[in-house]
Protein chains: 2
Amino acid sequence: MTRIATTVEDTRAEVADARRRGLAVGFVPTMGALHAGHASLLDFARQETGFVVASIFVNPSQFGPKEDLSRYPRPFENDVELCRQHGVDLIFHPAPEAVYPLNFRTWVEVHGLQDRWEGATRPGHFRGVATVVLKLFNIVQPDIAYFGQKDAQQARVLEQMVHDLNVPVTMRICPTVREADGLALSSRNQYLDVDQRRHAVVLHQCLEAVHARTAQGERAAAVLRDLVAARVAQVPGARLDYVAFVDRATLEPIDHLQGEVLVPLAVFMGSTRLIDNMLLTL
Amino acid sequence: MTRIATTVEDTRAEVADARRRGLAVGFVPTMGALHAGHASLLDFARQETGFVVASIFVNPSQFGPKEDLSRYPRPFENDVELCRQHGVDLIFHPAPEAVYPLNFRTWVEVHGLQDRWEGATRPGHFRGVATVVLKLFNIVQPDIAYFGQKDAQQARVLEQMVHDLNVPVTMRICPTVREADGLALSSRNQYLDVDQRRHAVVLHQCLEAVHARTAQGERAAAVLRDLVAARVAQVPGARLDYVAFVDRATLEPIDHLQGEVLVPLAVFMGSTRLIDNMLLTL
């Protein structure tokens with residue numbers, strides 16, 4: 001049975017009860033609007049742990065003032081049904097004021113990793129992500145937490161936070177789930193109209209093209225960047241926000257690709273901004 | 001028996017073992033150079049919990065570039081003996097590089113509370129304190145942690161951090177321990193020469209004078225500030241850094257004293273900076 005808790009106290013009581021029964025606790029933090037990507041994380045948690053907690057909380061502090069907080073989708077009943085189908089034991093669904101009470105003033109900052117790429121486009125975004133995830137970890141106190149590789153920079157920021165602050169949680173970064181044509185699943189895909197949806201495959205195609213060229217021996221980031229820019233420019237309604245070739249650990253850009261290279265990519269389809277990424281081992 | 005752990009892994013193993021034995025865990029974080037003030041915290045922990053952990057770690061990140069990190073006293077053998085006498089079960093004594101590995105980049109900031117008073121005199125100080133205490137909490141995972149009211153702003157910053165980040169630790173703020181003449185115990189008192197030591201009682205005397213004047217009905221912060229400034233000015237070698245009259249919760253200055261008022265005070269005795277404080281309920 002899937003139970004729903006809205007308070008910190010109820011959540012802790014449910015988790016403590018599971019612990020008393022000797023169960024390991026898995027945790028999947030989400031903003032709701034759940035799709036097969038989230039389901040995949042829940043399935044990993046279900047396989048590895050005896051008590052699966054999902055949080056559904058649209059975190060205001062990771063949205064910028066001009067971003068889509070108010071129109072972010074909140075199909076709560078559907079989300080609960082998906083959780084039920086994937087064997088979630090407990091949903092933590094707090095009100096915003098329970099997470100950010102009046103006079104809230106403590107923030108977690110992962111310097112360096114939080115500032116580039118998504119962080120440059122969305123100032124304060126990763127501060128909001130790191131802070132809310134640390135809060136959720138402290139509330140749920142899971143053994144293992146599950147995140148998607150789709151949000152590669154988020155995963156890296158959170159891994160660093162967990163490492164630096166000695167947070168007693170094991171991090172699992174799980175593969176990106178894609179539509180048949182290669183589009184990475186995202187709650188924001190539902191903002192796309194039919195034409196945008198069809199053209200959105202360009203993100204995956206760009207990454208595939210980069211992969212093909214590196215397999216042929218190309219190592220110059222500038223060449224690969226031009227390749228992506230040219231491809232995106234051909235697509236109606238698409239506008240490249242950034243593509244980068246970065247060290248997987250530091251997220252610092254590299255000119256000549258070698259070792260473990262992360263390729264993050266962000267493209268506007270109309271007013272909707274989509275991200276994707278690929279990890280290359282060269 | 002008092003055991004000493006230098007690694008995160010050993011510390012967690014010892015604490016986990018205590019938990020398996022059903023013991024509540026008390027924690028007293030210190031920078032060593034232990035005195036009767038620390039001993040009092042250890043005694044509180046000993047009374048309330050079944051397994052007492054003390055950390056001894058001179059935290060570099062809470063010292064400014066011009067501060068006394070290198071000359072800060074480190075009488076480790078004496079500290080261990082004091083811990084033993086006060087029934088400490090485990091001392092966590094890590095190397096700096098175990099706490100701050102290469103590429104450490106995550107910081108906890110308690111905005112507002114961290115910036116004034118001690119924070120203004122010592123930029124970055126409370127960021128360092130909040131970050132290391134959160135790390136130590138994550139390493140030890142105590143039920144109850146003990147801090148001294150002597151460092152009133154530190155206590156307030158940490159209480160706020162624990163509250164805001166849902167840290168599952170109960171905070172106990174314990175009374176300041178004083179010498180017979182009223183001087184608050186501090187590891188920095190040993191920097192004082194004989195004359196400075198004698199004159200250092202001025203901090204306590206100033207706070208007593210403030211208390212007496214408020215008991216007579218004085219409520220104007222400006223009048224009380226002048227009283228303190230005049231008293232410190234009379235003492236050879238003493239220089240007032242700041243005295244303030246602040247809301248206990250927000251640490252914001254107030255002109256007309258009412259409710260719970262914290263009076264933090266910082267005075268240089270020669271090159272040694274001493275702090276003290278008093279809580280007034282009006």
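In which loop of chain B is B:Trp117 found? In this predicted model, B:Trp117 sits in the loop between β5 and α5 (118-121) of chain B. The backbone there deserves a look, for B:Trp117 has a positive phi of about 50° although it is not a glycine. Most residues other than glycine have a negative phi. B:Trp117 has 25 other C-beta atoms within 10 Å, and therefore it is buried.

A:Gln141 lies in the loop between α6 (125-140) and β6 of chain A. Its phi is near 50°, a positive value in a residue other than glycine. A:Gln141 counts as buried because it has 20 C-beta neighbours inside 10 Å, and the cut-off for burial is 20 or more.

Strand β2(A), residues 25-30, is mostly covered, with six of its six residues buried. Which residues of β2(A) point one way, and which the other way? A:Val25, A:Phe27 and A:Pro29 point one way, while A:Gly26, A:Val28 and A:Thr30 point the other way, and all are buried. Strand β3 (residues 51-56) of chain A pairs with β2(A) over six bridges in the parallel sense. Within that pairing, A:Thr30 has A:Ile56 of β3(A) as its bridge partner. To get from β2(A) to β3(A), the chain passes through α2(A), and this β-α-β crossover is right-handed. β2(A) also pairs with strand β6 (residues 144-148) of chain A, again in the parallel sense, through two bridges. Here the bridge partner of A:Gly26 is A:Ile144 in β6(A).

Helix α2 of chain A, residues 36-48, contains A:Asp43. Is A:Asp43 buried, exposed or partly exposed? A:Asp43 counts as partly exposed because it has 17 C-beta neighbours inside 10 Å. Between A:Asp43 and A:Asp181 there are 138 residues in sequence and 23 Å in space, taken C-alpha to C-alpha.

How many residues of domain 1 of chain A are in contact with domain 2 of chain A? Twelve residues of domain 1 are in contact with ten residues of domain 2. On the side of domain 1 that touches domain 2, the elements giving two or more residues are α5 (118-121) and α7 (152-164) of chain A. Of these, α7(A) gives the most, with three residues. The residues on that side of domain 1 divide into six nonpolar, three polar and three charged.

The two chains meet as well. Their contact takes 23 residues from chain B and 23 residues from chain A. On the side of chain B that touches chain A, β5 (106-110), α6 (125-140) and α7 (152-164) of chain B are the elements that give two or more residues. The most come from β5(B), which gives five residues. By class, this side of chain B has twelve nonpolar, seven polar and four charged residues. Strand β5 (residues 106-110) of chain A is joined to β5(B) by five bridges, and the two strands run antiparallel. One of the pairs can be named: A:Val110 has B:Thr106 in β5(B) as its bridge partner.

B:Asp79, B:Leu82 and B:Cys83 are buried in α3(B). They lie on the same side of α3(B) because they cover an arc of only 100° around the axis. An α-helix has 3.6 residues a turn, so residues three or four places apart point the same way. On the other side of α3(B), B:Glu77, B:Arg84 and B:Gln85 are exposed. What do the buried residues of α3(B) pack against? Their packing partners are α2 (36-48), β3 (51-56) and β4 (90-92) of chain B. Just after α3(B), B:Gly87 takes a positive phi of about 75°.

Methods. Residues numbered from 1 in each chain as written. Chains lettered and ligands numbered in written order. Predicted model: local features only at pLDDT ≥ 70, side-chain atom pairs only at ≥ 80, totals over all residues. Buried ≥ 20, exposed ≤ 12 C-beta atoms within 10 Å, placed from the backbone. Helix = DSSP H or I, 4+ residues; strand = E, 2+ residues; numbered from the N terminus. Arc of directions from axis to C-beta. Contact = placed C-beta atoms within 7 Å. Nonpolar A, V, L, I, M, F, W, Y, C, P; charged D, E, K, R; others polar. Pairing = 2+ DSSP bridges. Right-handed = clockwise from strand over helix to strand, strands pointing away.
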